[in-house]
Each structure stands twice: as structure tokens, then as C-alpha cells.
Amino acid sequence: MRIQVAETLALQPLAQTASKRQEIFDVAYQRFASILGMAKAEDAPTATLNADDFNTVLSIHMAALAAADSSKHSRQTPQDPVGVTSYLLDREYDYWQASYENQRVATMPRAMARTVYTATLTRSMQTAQASAFVARLGIALTAEADLVVQDHLACYPAQRADVAFEPLYPDRLGEDFIALLAAREGEFDYPADPWAVTAPGRLLRPDEAMEDPPSWARHSVTVLTEVARRWPHVAHQQLIPLLLRAPHLAIAGGTPVIAALTEIPGIPLQVLDLVANALPGRDINIDAGAAVLARHLTALRLELGVDPQSRTELQAALAIRLSNAGLHGEALEILEEVVRAYRSLAEIAPREFNPLLARELAHLGNTLAELGREDEGQASTAESLDIYRRLAEVDPQTFKPYVGWVSSLLSGYLRSEPSAALSLAEEATALLFQGDSSEKTWVESGFAGHALAAMATKGRRLRDVGRLEDAVKALELPARIYRQLPRIGLSIPEIVAIFTDLSGLLSRLGRTELALAASQDQVRAYRELARLDLKQFQSSLAMSLGTCGLRESELGHHDAAAALFQEAVDIFRQLVAENSGLYSPYLARAMRDLALCLSELGEHEVAADWLMQSAGLYGEIRASGRVEYDVELARSLDGSSAVLCRLERWEDALSWALQAVELLRAKASVEPDDLPKKLVALTRCVMLLAKTERWEDAIECAAEATATYEELPAVEREAEWERFAVLHDILGVACGRTARVEEARGALEVAAEIYRRMITHSPKYRHSLATTLSNLGQALMTLGRSLEAESQMLKAVSILRELSATDPARHLPDLLFALIGLSEIRYNLDHHTSCLESMQEVVDVCRQLALLDAATYLPKLAVNLYNLSVLFADLGLVDDAIAPNLEAVQIGRLLARDSPRAHMRFLSSAVFNLGVRNVEAGRWPEALEPAMEAVEIRRLLFRLDQPAASDEGLAVALHNAAAILIRLGRHEDARRIIAEERAVSPSLES
């Protein structure tokens, strides 16, 4: 049988005591004995666990498994680590043999052993690729390779259906198998295979020049290095020869391999030097390992003894590696010593050592800044720049690029002096690009990374002075080049910063699709960083997910945004469990963003719950005295208000919005950066006050919002154009409702002008312009400026017609409102023909809307059919008036049947008028039925609502019915009706 290993566990270091080891062994032995079906587990044997290799839980568990299995099968129990491994591997071999003998597989044990070896060295891969490896390594002929892979899958099922080569677990057993199979014959109590000695070389092909090692190289080199740390023959017969021929393979393994090389006993200095020389200048994948290797090599060379100048050069190189790895404190101590040494040397030989002094002063400045000592960093960098300027006067070709590099660094310190910072950044890019921004010129100069970093710095400085378009152009260059040439020389953190800044700028300029692309690049970069160092970059990844989610939301990609927000929430939940004080505000914000996105997807109740959680979390933060998050609490309250609006809970929404405003009133007076958030909350309050018809309060709140807008810097005011337009649109409506019609006109004209400007950047504002023009038309009509009103209404209708063709559900309601207004204006102008055209279109639009939402628009269709009939009659087109009136009656009957109290009065008017229309057309017999129906309905209304004092009351209906009866010669019926009319009239007159 094959011994099954259920899962891989993350094992903690073991206490170094014999009793503790025996205790772990005893528990594991009893558990394995039970799993193996031993009838009654005997007491665990006393194990010999003194060897250093029994210092992990995994190695003791392996010993316990071997002991239990050997006890069950009456075999000798292995006592040392090699014996334990050999025993377990023998049992694995028994499994291969049994599978072959019972014809479960067709692959013989020897070939299976080689396949298991290969799979353990390469890890999982596509099935076709696994077959190619089987053939390449001589395990089987090409024609038989697929069968071998399938047999391996039968013995070691893959975790996914499309892959093969599941490795041998646990890792320790697989590593020992690789070592024992490649040993010299007889060296250990396990059958070796000479094939395994050369297999890694054939797998990794070290003699082939590969700029990018194959996908399996990382794992293969990592496994081989780990094996070499414990098995000297693997180190000297396989790993070291491989690295002598191809030191770049160590880079493929990344930090774990590079660092582990320093721990391999007896590894030649030549190998370490070759690997060190092959390392790139900076790469997040290897920075930590490169620092370990540099520290190790520096210590070795200093032990051998070197002259003072060489010592300084070694320390300078070490400091750079330490800084790249984030070990700035350790790097600072070394750099300070290096700078002192070069100062002394520069006094003796300035021509030779001033360049080196300038270089290390720049490095020192950067390290000081990383440690929060920016003033000292600025001084050191400024001194470096001064030296490089003097050197460039003598040798401009050599040193101008260095002036550019350090000018860019110094620009980063001068954020409080934006003009001076921009001047330095522009000088830096001019020198580094040397008048030619083509790739070849500067990529081959060795300053590619510095040039792109300088261009990014220039972009940030342009942003600081408000030149946003120029800033985008500057940042787009390093972003574009990085996408084309990812090995250009920028570190991943630098790239992340570029994409972050670029995304923010593009978003501010309304270029949301481009902002999203930059944000997606940012997320990809952070995923790579988190893969390498989860603890350091997990929170940054979560924040970038949130930013990317906002960009997706801005484009209406709410499903994609929700997934990103949910991932951010999940990460921040984990982080809050570790450090609530630090990460609770981030979790609260992520919850808010997720909620608003879910609301866009129609999940308003779920969204409201998330927002309550967010506001509650911010409330807890505030209760702890951290009022710096009041603004974020206000944003969550405002978000809650927005979602409650979707649920049409207007009063609750207003309550939350007012709370948000109260918090922001206090903050914005102290922190001008919070003014935009105050403007957002005030605008929502204005909208809700208007929605609840508190027109005076809405006007007062709009005045405060307008004042807040005016306080914004010019750049921010431009970014808030849309909100300013919305404010004036609502203000116009509110002023119109409070008879301040001239003020309404002024506010609406401001809104319309802003929307016209915004349309030049994005057509999405056409709808807002149309509704504003419609409201403006209404205001002008009230002011008696009917021709101007008609002009504005026509513009609104034209836009809304086009929009309705592509999205009727959204735009038809506003088209209906505008058409009704246009019809009214034309009627007042006595433009009867054009008025009739507008009313007919009103009816057509109502029909379309009734198909989408019958409950809302079927009553409107009935009313507008009625109005169309009246208009036909007013124009003398009495025959044309009957059909729409009849249809209005038919709809009215349906509505009154389901909801009589809501629709009976309309049905009464429609039926009454249908009788009148027939009379006007001389159709007396057809007039009688609706006239009598009107009497019946008004009798009912008279009983319910007496007195029914209106021109269309019961008396009028009775009078008309009597007149029709007389015309038809039914005098007796007419007399009864007239008597009833006389009986009703005194009541009406009272």
C-alpha cells in the first residue's frame, strides 16, 4: 500500500528537549497506528531522536509514521533520519511495484521513480509539457511519454484536471528522495540511480543563453538548493557545477535561493561571486537575498584583509544592497562611514574620489529620507548635487546625467516649494534625456531607470503647480515604457507610485477608462509585491484594490468593482484581527465602498447593512478619541443617505445627510482639504430637502453649498463642476416652487452653461443638460418669455429624443416632462398645430412608458389622451377628439376597477367629456351611454363626497343627460332626470 499524506502543515520550530520530542512522537505514533488499522495500538516505542535532523515536528512525525508502519508489518524500525527516509521511500517503491503488478499502471517502478523525481523537482505543469519532460529526460520514448504521465497521475492525482506532476509530499520526504536517488552507489542504504546525477542539468539546460529562465526553473533551483543545504553530495555534484555554468539560475530562484547559498557548507567563493555579479541592480524578487549575499561576501573579504579604499568600495556596495532590501538603519551606519572615508580620500585625490563622494552623498540622502530624516537627507543630496555640478563643468559628457539624477532626487524634497521643485525636475529630465526621448538613446546609456524616475518626479511637480495635462504627459512616458520593457530599471514600488499618481490624475481629468487601466497596472504590481512579501504589502494591495474598484464603478462596471471591494474588505478584516487600531479605519472605508457599489447593483438592503457597519466602526473609532476620522464617518453617513434614497426612504436619508453635514461643517473650517466632502454632503441635503418639498430650507442649504464651492481652489472648483451644476439645477426648481422665478431662471442658466462646457469632455452630461433646459423653459414660460421658453424646450426635447433611442427606460420619463412643457408653451403662444404635434408625441411616449411601468404610466397615458381630446376639440377637430377620449375612458375604467378611490373622479370627467364630444359631432345616440355613465359615477361621488361643488358635478351631468334624452325624444326619462337635477341643485348651492 501507499502511505497517504493528507495535507501539508505550517510547522513551528520545536523545543530542543528530548522529552518534548518523545511527547510529539508518542501522540503521532498513536494517531498513525489508528489510521493504519492496527487493532490496538501498543505504547509507542522509545525513539532515538537525538540527531539534529529531528529538530522539526515534520521530521518527528515522519519517524513516528515509519515506526507505526514497521510495527504493523513486523519490520525493523529505523532509528536515524536517513533510515526513516529510506524506509518511507521503500514503502513508496512497494506502492509503485504493487500498482505495476496488479496492472493498475503500465510503468515499471524504475521509470516511476524517475518520474516522481522529475515531478518533485519541477512541480505541477500542463500535461503536454510533462510528457515532453519525460521524453527529454530519457524516462520513456516519446511515443510512451503520455502513458507514463497518466500512470503518474493515477498514483499521484493532481489537484486540478488540466495539470500533471504532483510532487512527492511531504516536502522533506521529496527532498530526501532527490538526494538519495543521486547518491553514489552504496553511500546510503537506498538504491541510487546514476540517471538522477545529470537530470537537473538536462532539465535546466545551463549552457543555453536564456534571458528569462523557464517557468519550472524557480521551483527546481529552490528545491535543489534546499536539498544541497542538508546533503553535501548534491551541493558539490549538482548545484555548484550548475551555478558555475549558469549563475543566473540562482536569480530565477529569487531571495530564498540566493540567501540559502550562503548557508551551504564549503560552497566556493567563486560561485558566490558569479551569482553576485549576475544580480540586477534592483529587483524586488531578489533584493532581500542580494543583501544577505552582499553581507556574507563583504564579511569574507574583510576577513581576508583588504586596503582601506577597497574596504570602502565593499561597504558602499553593501549599503546599496541593504537599502534596496529596506534595511535602511543598517545601511545608514555603513553609508556614514563610507562618506567619511571618501571625504578623506577626496581631500587627497579630488579628481579620483569626488565622483564617488557625490554618489554616496546621494545614497546617504535617500537613506536618511527613508528613515524620516528628510532635512538631513535634503542637505546631503544638495551637497551631492553641488559636487556633480562642479564635475560637469569640467567633464559635461560624463557627469551631466549624474546632475540630472541628483536634481530629480532633490526635487522630491522641495514639495513645499513647488516652483523650485519643478525647476529641478525639468532640469533633471532635460539632462537625462539629452534632448532625445527615443528609447535607444537613454536605455543604452545605463541611466534608463533614473531617466524614467526623473520624468515621474517631473509629473508630480507639474501636478503640484496645477498643470494637470502636462503632468499626465510626463507620467505616461515611464508608464508606457514600463509596459513595453518591464526590465527597464525601475523598481516595482517606483512603478506602483507612477501608476497610482497617473490613475489619480486621469480620474481628476475625467478620463476614467485610462485611469482604470493605470489602476489595474497598480493592482498587478501590488499583487506581485504581496506575493513576495505578504506582510509588508498586503495592506497596500487592499488599498489599490479599493482604488481600482472606484475606477470600475465610475465606468459602470459594478460587478467587477464589487469583486475588488469585497477582496479589499476580506484583506482588511484579516489585518484588523492583527491590529485593530491601525486597520479599522481602512476596513470601514472598504465596507462603505462595497456598499455603494452593491447599491448600484440594486442590492440596496444589503448595501444599507454594510453602510451601517461602516458608520458603526467609524463611530467606535471616534468614541476612542480619534476625531481625525470624522470626515470618513461623515462620508459613510452620506453614503448611507445615498442608499436610503435608492430605497425612497427620504426622511431617513435626510437625517443621515444632515448628520454628515454637521460633522463636516466643523472639519472643513479647520481643514480646507475637507471642503469637497462638505460640498458632496451639502448637495445631497439640498436634493433631499427638495425631494421632501422643504423648498425654503433647500434654498438656504444651496446657498451654503455654493459658498463652499467658492472656497475651493481653482483646480478643485473645476473638478466639482458637475456638483455645482446639480446644485443650481435644484436651486432653480426650488426657487420656481417658491415664486422666485427670476432667481430660478438665473440658477438654471448657470447650470446649463456648465453642462454645455462639460459635454465637450464627455457626452454623458447631455441628459443633465436636457433636463436643466427643460426646467429653464418652464421658468421662462412663467416669466411670460414664451418664445425663449419654446426655444429651450425644443433643445431639451431634441437631446432627449436621441438619448431615448438608445436607453428608453432612463430617458423617456424626462422626454415626457419636456414634451408636456413644450405643448403648454405652444398652446399659450397659440401655435395650435405645433402644439397638437407635441401632444400626440406626449401620448406616444406615454404608451412606451406604460409598457415599461404600467402602474406609474398607465394613469398618465389616460390623462394625456384626455388632454389630447380636449385640444382636438378646441381646434374644432371634433371627430378626431372622440378616439383619444374613448381610449382614455377605457383605461380609466380599468384603473377605477382596481382602485376606485384613486381613479373614479378622472373616469367621471373622461366619460362626461366623451358624451360632450359626441354631442359636438352630432352623434346624439352615441352620446347617451357615456352621459348616463357620468350620471351614475357622479351620483356615487355625490353620496360619498357631498357637497360635490364643481362645474363637473352631478347637476351638470344630469343636465347634459336630460338634454340628450330630450333630443332623442325620451321626454319621460328626461323629466325624471330634470327632477333629480332640481333636487340636487339646492344642496350644491349651499
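I count a salt bridge when a side-chain nitrogen of Lys or Arg is within 4 Å of a carboxyl oxygen of Asp or Glu. The pair links distant parts of the chain, with Arg 665 in helix α30 (residues 650–668) and Glu 704 in helix α32, 39 residues apart. Helices here are DSSP runs of H or I with at least four residues, strands are runs of E with at least two, and both are numbered from the N terminus.

I note that the model is predicted: local features need pLDDT of at least 70 and side-chain atom pairs count only at pLDDT 80 or more, while totals for chains, interfaces and linings use all residues. Residues are numbered from 1 along each chain as its sequence is written, and side-chain values use heavy atoms, with hydrogens and water left out.

**Entry: exposure of the first pair**

I checked accessibility next. Arg 665 counts as partly exposed at 32% relative accessibility, and Glu 704 is partly exposed with a relative accessible area of 23%. The classes are buried under 20% relative accessible area, exposed over 50%, and partly exposed in between (1.4 Å probe, protein chains only).

**Entry: other salt bridges**

I found a count of 57 salt bridges by this rule. One of them joins the side chains of Asp 171 and Arg 123 at 3.2 Å, N to O. Asp 171 lies in helix α7 (residues 171–181) and Arg 123 in the loop between α4 (109–122) and β1 (125–126), so the pair ties together parts that are 48 residues apart in sequence. Asp 171 has a relative accessible area of 31% and is partly exposed; Arg 123, at 24%, is partly exposed.

I then turned to Arg 390 and Asp 386, whose side chains form a salt bridge at 2.5 Å, N to O. Both residues lie in helix α17 (residues 374–394), 4 residues apart, about one turn of the helix. An α-helix has 3.6 residues a turn, so residues three or four places apart point the same way. Arg 390 is partly exposed at 43% relative accessible area, and Asp 386 is partly exposed at 40%.

I also recorded a network of salt bridges that links Arg 460, Arg 461, Arg 463, Asp 464 and Asp 501.

**Entry: helix α34**

I compared the span of helix α34 (residues 721–737) with expectation. Its 17 residues should span 24 Å at 1.5 Å a residue, and its end C-alpha atoms are 25 Å apart, which agrees. The expected span is 1.5 Å times one less than the number of residues.

Which residues of α34 are buried? They are Trp 721, Phe 724, Ala 725, Leu 727, His 728, Asp 729, Ile 730, Leu 731, Gly 732, Ala 734 and Cys 735. These buried residues pack against α31 (675–691), α32 (695–711), α33 (714–719), α35 (741–759) and α36 (766–782), where contact means heavy atoms within 4.5 Å. Ala 739 follows α34 and has a positive phi, near 65°.

Just after α28, Gly 625 takes a positive phi of about 95°.

In helix α12 (residues 269–278), I found Val 271, Leu 272, Asp 273 and Val 275 buried. Their cover includes α10 (232–245), α11 (248–261) and α13 (287–304).

**Entry: a nonpolar patch**

I located a nonpolar surface patch of about 250 Å², made by Met 543, Leu 582 and Tyr 586. Met 543 is found in helix α25 (residues 534–554) and is partly exposed, with a relative accessible area of 37%.

**Entry: the whole chain**

I counted 45 helices and 2 strands in the protein chain. The radius of gyration is 42 Å, well over the 30 Å that the globule rule gives for 990 residues, so the chain is more spread out than a compact globule. This radius is taken over C-alpha atoms, and the globule rule is 2.2 Å times the number of residues to the power 0.38. The C-alpha trace spans about 130 × 85 × 55 Å along its principal axes. Buried residues make up 50% of the 990 residues.

Conventions:
Patch = residues over 30% accessible without salt bridge, like charges linked within 9 Å, V, L, I, M, F, W, Y side chains within 5 Å. Areas by Shrake-Rupley, 256 points an atom, 1.4 Å probe, with all protein chains shown as cover.
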